[in-house]
Amino acid sequence: MINQILIGSVIIVIVSLIHLWATKISIHIIRRSKSGPAIIGRIRNFIWLDSIVLLLILTSLLESIIWAVCYVKLAAFEHFEEAVYFSIVTFTTLGYGDITLDVNWRILASLEAASGIIVFGWSTAIVMGAIQNIILNKKN
């Protein structure tokens, strides 16, 4: 159990650092997305906002893959594709249950789910910040 908590904690720190990097890029995008004249400003804002959402989704995918690599290295899964699928389902807290971990690694999966909840809340805050920035900078 202690091994799972230690391994999970290390991965959570790595995931947090990656998400911090995505946050910094998102803030840079938000600062560049100043409204312009009417329709051009709206299109630009839509593109900036979509860019942030895509960045955060791809970042979450990368973070899920990091968990999957861990599962494969620990021999919890034999095939990488199966580990990635399990990891995405766990990270998003979807939890289909069609693929499960051995009893020896269940706590690690729970830590991944907890990490995913935090990361998705963090991502939601970034997107809402971007939307607020668009609204506050709107010139009509």
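Met1 counts as exposed, because its relative accessibility is 61% and the cut-off for exposed is over 50%. The model is a predicted one. Met1 sits in the segment before helix H1, which covers residues 2-32. Together with Ile2, Ile5 and Leu6, Met1 makes a nonpolar surface patch of about 420 Å².

Two loop residues come next. Ala75 is placed in the loop between helix H2 (38-73) and helix H3 (80-91). Thr93 is found in the loop between H3 and helix H4 (106-136). Ala75 is not a glycine, yet its phi is positive, at about 65°. Thr93 is not a glycine either, and its phi is positive at about 60°. Most residues other than glycine have a negative phi.

Ala75 counts as exposed because its relative accessibility is 63%. Thr93, at 43% relative accessibility, counts as partly exposed, because partly exposed covers values between the 20% limit for buried and the 50% limit for exposed.

Is Ile134, in contrast to a surface position, buried or exposed? Ile134 is buried, because its relative accessible area is 18% and buried means under 20%. Ile134 lies in helix H4. In sequence, Ile134 and Asn45 are 89 residues apart, while their C-alpha atoms are 6.8 Å apart in space.

The table lists the accessibility values.

| Residue | Relative accessibility | Class |
|---|---|---|
| Met1 | 61% | exposed |
| Ala75 | 63% | exposed |
| Thr93 | 43% | partly exposed |
| Ile134 | 18% | buried |

Methods:
Residues numbered from 1 in each chain as written. Predicted model: local features only at pLDDT ≥ 70, side-chain atom pairs only at ≥ 80, totals over all residues. Heavy atoms only, no water. Patch = residues over 30% accessible without salt bridge, like charges linked within 9 Å, V, L, I, M, F, W, Y side chains within 5 Å. Areas by Shrake-Rupley, 256 points an atom, 1.4 Å probe, with all protein chains shown as cover. Salt bridge = Lys/Arg side-chain N within 4 Å of Asp/Glu carboxyl O. Helix = DSSP H or I, 4+ residues; strand = E, 2+ residues; numbered from the N terminus. Buried < 20%, exposed > 50% of the residue type's maximum accessible area, 1.4 Å probe, protein only.
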